[in-house]
Amino acid sequence: MKTSHWQGLQRSLPRPSRRYERLIGKLLEHDMLDVKRCEQHAIHHMVKHMASRQRGRCDAMYVTAEHFCCSYEKVRKAVY
C-alpha cells in the first residue's frame, strides 16, 4: 500500500532530483514519514496552484479529487 501511495504522490510533486526521491523512499521504508500528511500537503498545493491560475477554487478541488482518485470531501478537508 505504501508503494501505491508513493507512486501517486510522485506524479503530483515537483521533480527536483533523483536524490530527493531516494531520500523520501528511504524515509517511507523506515516509517519515518507520514504518508497521509504528505498526501494532504500535495492536495493542498495542487488546489492552491490551480486556483492561482484563474480557475475557481471549487473547480480546482473537483479536478484535484479526480487526479488523486479520492472524494471531494477529502480534498475539502485538506484545503480548509
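Predicted model: local features only at pLDDT ≥ 70, side-chain atom pairs only at ≥ 80, totals over all residues.

Reader: At what angle do helix α4 and helix α5 pack, and how far apart are their axes?

Author: Helix α4, residues 57-67, and helix α5, residues 72-79, pack at an angle of about 120°, and their axes are 9 Å apart. Angles of 65 to 115 degrees count as roughly perpendicular and those over 145 as roughly antiparallel, so α4 is oblique to α5. The crossing in which α4 passes α5 is right-handed.

Reader: Which residues make the contact, and of what class are they?

Author: On the α4 side the contact is made by Cys58, Met61, Tyr62, Thr64 and Ala65, while α5 contributes Tyr72, Val75, Arg76 and Val79. Sorted by class, the contact of α4 with α5 has seven nonpolar residues, one polar and one charged.

Reader: Is threonine 64 buried or exposed, and what does its side chain reach?

Author: Buried means under 20% relative accessible area, so threonine 64 of helix α4, at 0% relative accessibility, counts as buried. Its side chain reaches the backbone oxygen of alanine 60 at 2.7 Å. Leaving aside neighbours within four places in sequence, threonine 64 is in contact with Ile43, Met46, Val47, Met50 and Val75.

Reader: Where does phenylalanine 68 lie, and is phenylalanine 68 buried or exposed?

Author: Phenylalanine 68 lies in the loop between α4 and α5, and, with a relative accessible area of 12%, phenylalanine 68 is buried. From C-alpha to C-alpha, phenylalanine 68 and isoleucine 43 are 7.9 Å apart in space, although 25 residues apart in sequence.

Notes: Residues numbered from 1 in each chain as written. Heavy atoms only, no water. Axes fitted to C-alpha atoms, helices over the stretch in contact; angles between N-to-C directions. Helix = DSSP H or I, 4+ residues; strand = E, 2+ residues; numbered from the N terminus. Parallel < 35°, antiparallel > 145°, perpendicular 65-115°, else oblique. Left-handed = near helix turned anticlockwise from the far one by under 90°. Contact = heavy atoms within 4.5 Å. Nonpolar A, V, L, I, M, F, W, Y, C, P; charged D, E, K, R; others polar. Buried < 20%, exposed > 50% of the residue type's maximum accessible area, 1.4 Å probe, protein only. Polar contact = N/O pair within 3.5 Å; in protein donor to acceptor, adjacent residues only side chain to side chain.
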